[in-house]
Amino acid sequence: EAIFMAKQKETEQMKKEQMERAKAEAELEALKNQIDPHFIYNALNSLSYLIDSSPKDAKLFVESLAGVYRYILGNKDKTLVLLEDEILFLKKYISLLDIRFVNALSVNFNPGTRLSNSYLIPPNSIFIAVENAVKHNELSSNAPLRVDIEMRNNSIYVSNIINPKTSAQFSSKVGLKNLDERFKLIVGEGITTIVEEGKFILGLPMLKMQN
């Protein structure tokens, strides 16, 4: 009877673990599916502006957008990617922003990112951090928005001077909340947000690859 009870308890524990794993996978899939609408909404806003102001740039934007979206779709089913690949993708995304915000945006990669082939990070995460800065701050050629990206202590930090937009803009409130929940599920640690001396700093924890 004792052996039977022990086996029954073990079976129940296994079922519980399987249910928790299935729940986590379902939650993660739901969070992944929330990325696309958020990205598409902002991209279409930019495209709409360019069609009216510069049809030539609008065509270039569409061509670049296809490459960016190809990366998003290609990594949709992955939980982690090389930091190196994420940075290469981010640079393509920044090229889109440069078309939209001529001389109004400066994104700087500090030297620490040279170790980018030694770390893993959830896909599309750094670009969401940059997108968040662009979405909530004023950009102009007279006062460009500067975004700094650097690696410290196994984390990527994306920072910018806070210069809130004066005009109200639609917010789905999905971006950073989605990011935090994804990191908790995948990395086991949530993102960090710090506001100090007029600067917003977003920290994204990474997983170091074993040698």
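Asp 180, with a relative accessibility of 18%, counts as buried, since buried means under 20% relative accessible area, exposed means over 50%, and partly exposed lies in between (1.4 Å probe, protein chains only). The model is predicted: local features need pLDDT of at least 70 and side-chain atom pairs count only at pLDDT 80 or more, while totals for chains, interfaces and linings use all residues. Residues are numbered from 1 along each chain as its sequence is written, and side-chain values use heavy atoms, with hydrogens and water left out.

The protein chain contains six helices and eight strands; helices (H or I, at least four residues) and strands (E, at least two) are DSSP runs numbered from the N terminus. Read from the N terminus, these elements follow the order α-α-α-β-α-β-β-α-β-β-α-β-β-β. Of the 211 residues in the protein chain, 39% are buried. The accessible surface of the protein chain is about 12,400 Å², and carbon and sulfur atoms account for 53% of this area; accessible areas come from the Shrake-Rupley method with a 1.4 Å probe, and for residues only the protein chains shown count as cover.

Four salt bridges occur in the structure, a salt bridge being a side-chain nitrogen of Lys or Arg within 4 Å of a carboxyl oxygen of Asp or Glu. Among them are the following.

| Salt bridge | N to O distance |
|---|---|
| Arg 146 and Asp 148 | 3.0 Å |
| Lys 177 and Glu 181 | 2.6 Å |
| Lys 184 and Asp 180 | 3.1 Å |

Lys 177 and Glu 181 are about one helical turn apart because they lie four residues apart in helix H6 (residues 175-186). Lys 177 is exposed, with a relative accessible area of 52%, while Glu 181 is partly exposed at 30%. Lys 184 and Asp 180 are likewise both in helix H6, four residues apart, or about one turn of the helix.

Leu 207 belongs to strand E8 (residues 207-208). With a relative accessible area of 30%, Leu 207 is partly exposed. Leaving aside residues up to four places away in sequence, Leu 207 touches Leu 80, Ser 118, Tyr 119, Leu 120 and Val 187; a contact means heavy atoms within 4.5 Å. Leu 207 and Pro 122 are 85 residues apart in sequence, and their C-alpha atoms are 9.5 Å apart in space. For the protein chain, 75% of the contacts between residues at least 6 apart in sequence join residues at least 24 apart.
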